[in-house]
Amino acid sequence: MLVGLLAVALLSFSLRFWQISRFDDLVFDEVYFVNFARAYLVGAPEFDAHPPLGKYFIAAGIWLSDRATPFRYRWMNAAVGSCVPLLVFGLAYTLGCHQTRSRRLTFAILSGSFVAIDGLFVTESRYALINIYMVFFGVLGQYLWLLAAALISKEQRLQQSVLRLLAGVALGCAIATKWNGLGFILALIAYAIFQNKNNVLSLVVYAISLPLLVYSLAWLPHLWLTKENITALHTTLFTFHQQLSTDGHPACSKWYSWPILFKPITYWYQDLGAQVLTVSNLGNPFLWWLSSASVLLLSIAKRNAMSTYLLIGYAANWLPWIFVGRCTFIYLYMPAAVFSFMTLAWLMSQWLHSPAASTRWLGWAVLGAIAIAFFYWLALSIGSPLTPEQLKARWWLSTWV
């Protein structure tokens, strides 16, 4: 297990820290979040449509670093983003406790690796954006909750309570970064209802009340600086989101287009003539398409505890977007993508350990295709130079441009 975890860690950290100072300008929404973070450091917060925790982290990174390069405001994102695949590894390993040791470890390694190499997760981790913090805390909350659920003896009650306490704090931090972190809480509640366990009190205390308390506490530094009223502030935020246009940005995409990777966003583009530098949040196409197919396959297969957990986690973080009419973007799919990748990883763990040689070979072929796609589109995630012809060859769909 340790070797597999270290391999995932090496892959994750190297992809997120490699030349993160390459572009000396603010990339995509860094123009907002870096300035918001700097405003906190000088004690003059600016209005933002999201809760403050993500900006606190970026501000802390700026404060802790003395480098006069973009590393100063990006390294915290890279560090937190590098840990997300490790948390997914732990989540999958805990979830797979009823599998054989080899299948369980394969499931965990593949789950963590898929998140480590996906272009959307790499890009969001390499720049001073806030989505990765929400995903980090949401997955951490899920992981700690599953660890607590695995402790059933009376002697472990205290340890279980501590883990649930920490899970509640993590879930509160998720929604204190972005409101769509609520999907992780919704998933836990829905899964508990499905299990039909008598743990209503635990859910109310640790999965609802405590996250709301943590969310409220996260606003205190902001409110102390601005002297605003939290109720009035949230009325303003809610009104702001309600008034956003349904198609006010060329990168807008509908919720149903996300699983097929229909419309990624170009975060950076620079034409140097013989070379082109670009950064896109394009996910690994084969990984996304195969993961979406796996979710569909799992939804029509016979249910068990693992498949139910994965499907509920996926649905709770994706389907609520049906009811949002404003302009939305593909990075909002990140929480659901975690469960989608885990679903494919679970399917591959079954195929790779199948007694049928043809099934094992099919599993290796799928992993090979994902690996090839990773190397082929990697330049778009880390901003490596390409010729115009090489870039054009990577735009498989006209909507990817």
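Let's start with Trp255. Its relative accessibility is 22%, so Trp255 counts as partly exposed. Buried means under 20% relative accessible area, exposed means over 50%, and partly exposed lies in between, with a 1.4 Å probe and protein chains only.

A word on the source. This is a predicted model, where local features need pLDDT of at least 70, side-chain atom pairs count only at pLDDT 80 or more, and totals for chains, interfaces and linings use all residues. Residues are numbered from 1 along each chain as its sequence is written, and side-chain values use heavy atoms, with hydrogens and water left out.

Now the rings. Rings of Phe, Tyr and Trp (its six-membered ring) pair if their centres lie within 6.5 Å. Planes under 30 degrees apart are stacked, over 60 edge-to-face, and the rest tilted. That rule gives 33 aromatic pairs. Take Trp255 and Tyr256. Their ring centres are 5.6 Å apart and their planes stand at 80°, so this pair is edge-to-face. Tyr256 is exposed, at 54% relative accessible area.

Next pair: Phe286 and Trp289. Here the centres are 6.2 Å apart and the planes are at 45°, so the pair is tilted. Both residues sit in helix H13 (residues 285–300), three residues apart, which means about one helical turn between them. Phe286 is partly exposed at 24%. Trp289 is partly exposed too, at 30%.

Charges come next. A charge sits over a ring if NZ of Lys or CZ of Arg is within 6 Å of the ring centre and within 35 degrees of the ring normal. The charged end of Arg67 is over Phe71, 4.0 Å from the ring centre. Arg104 lies over the face of Tyr93, at 3.8 Å.

Last stop: helix H1. Helices here are DSSP runs (H or I, at least four residues), numbered from the N terminus. H1 covers residues 2–17. Which residues of H1 are buried? They are Gly4, Val8, Ala9, Ser12, Leu15 and Arg16. Down the axis of H1, these fall within an arc of 145°, so they line one face of the helix. The arc is taken from the directions from the helix axis to the C-beta atoms. The face turned away carries exposed Leu2, Val3, Leu6 and Leu10. The buried residues of H1 pack against helices including H4 (71–95) and H16 (357–382), where contact means heavy atoms within 4.5 Å. Just after H1, Gln19 has a positive phi of about 50°.

Definitions and conventions: Helix = DSSP H or I, 4+ residues; strand = E, 2+ residues; numbered from the N terminus. Expected span 1.5 Å × (residues − 1).
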